[in-house]
Amino acid sequence: MATLSTHETVLQAGSIRARIAKVYSEALLAAALQSGDAGNVDRVGDELSGFVRDVWKANPEVAQALTSPAIGKKAKNAALQSALANHSSELFRGLIAALSHNGRLGLLPGIDATYRQILDARAGRVQVHVTTAVEPTEAQRSALTATLSQMLARQPVLNIKVDPELLGGMVMQIGDRVIDTSVRTRLETLSTQLLDKGSSYVTNV
């Protein structure tokens, strides 16, 4: 009987977690829609993203405590509900309670990412991660947005990151697709070509 390698087991576990995260994301969207307030769809998404960004990712020790089997589910839920009582919606607290009860708090980042993907798809948006050597001007942002809008037939949402080591140009990631026009990459490519040609010349000689 064939057995899974460690790498395959990790990939399989990741796939299962992704599917479960999607189930929670879809359930959250359904609950937001059923609330009767259309604004809840975006508001609860903002709450989720804010919690993941400002609490989960900014404080690794908190995330570790909330996912630790050494702390009981009731204690985790009580602490979370107390902390969120006056700072979050009933819908968001319900999501946290469900995750805590089922021992799934570790899925929060995945649920956040999946929920955002669902909202983007509903609104015809697409997230574009752009890395540039210098901060783009408003005119450059507008031009890039217009170009991407025509190319993708969807409304691009730019996430800009500045990395001076690129030297110039930019790197764009749209889903799994990467478009690299950076000066650094062009120089690295040219350097590789020159080295290859030099090696070939020496061999031929």
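Visitor: Leaving aside its neighbours within four places in sequence, which residues is D120 in contact with?
Guide: This is a predicted model, in which local features need pLDDT of at least 70 and side-chain atom pairs count only at pLDDT 80 or more, while totals for chains, interfaces and linings use all residues. Residues are numbered from 1 along each chain as its sequence is written, and side-chain values use heavy atoms, with hydrogens and water left out. D120 has its place in helix 6 (residues 108–123), where helices (H or I, at least four residues) and strands (E, at least two) are DSSP runs numbered from the N terminus. Once those sequence neighbours are set aside, D120 is in contact (heavy atoms within 4.5 Å) with R125 and Q127.

Visitor: Is D120 buried or exposed?
Guide: The relative accessible area of D120 is 7%. Under 20% counts as buried, over 50% as exposed and in between as partly exposed (1.4 Å probe, protein chains only), so D120 is buried.

Visitor: Which residues of helix 7 are buried?
Guide: Helix 7 runs over residues 138–152, and the face turned away from its buried side carries the exposed residues E138, A139 and Q150. The buried residues of this helix are L144, L148 and L152.

Visitor: Against which strands do the buried residues of helix 7 pack?
Guide: The strands they pack against are strand 1 (125–132), strand 2 (155–162) and strand 3 (170–174).

Technical notes
Expected span 1.5 Å × (residues − 1).
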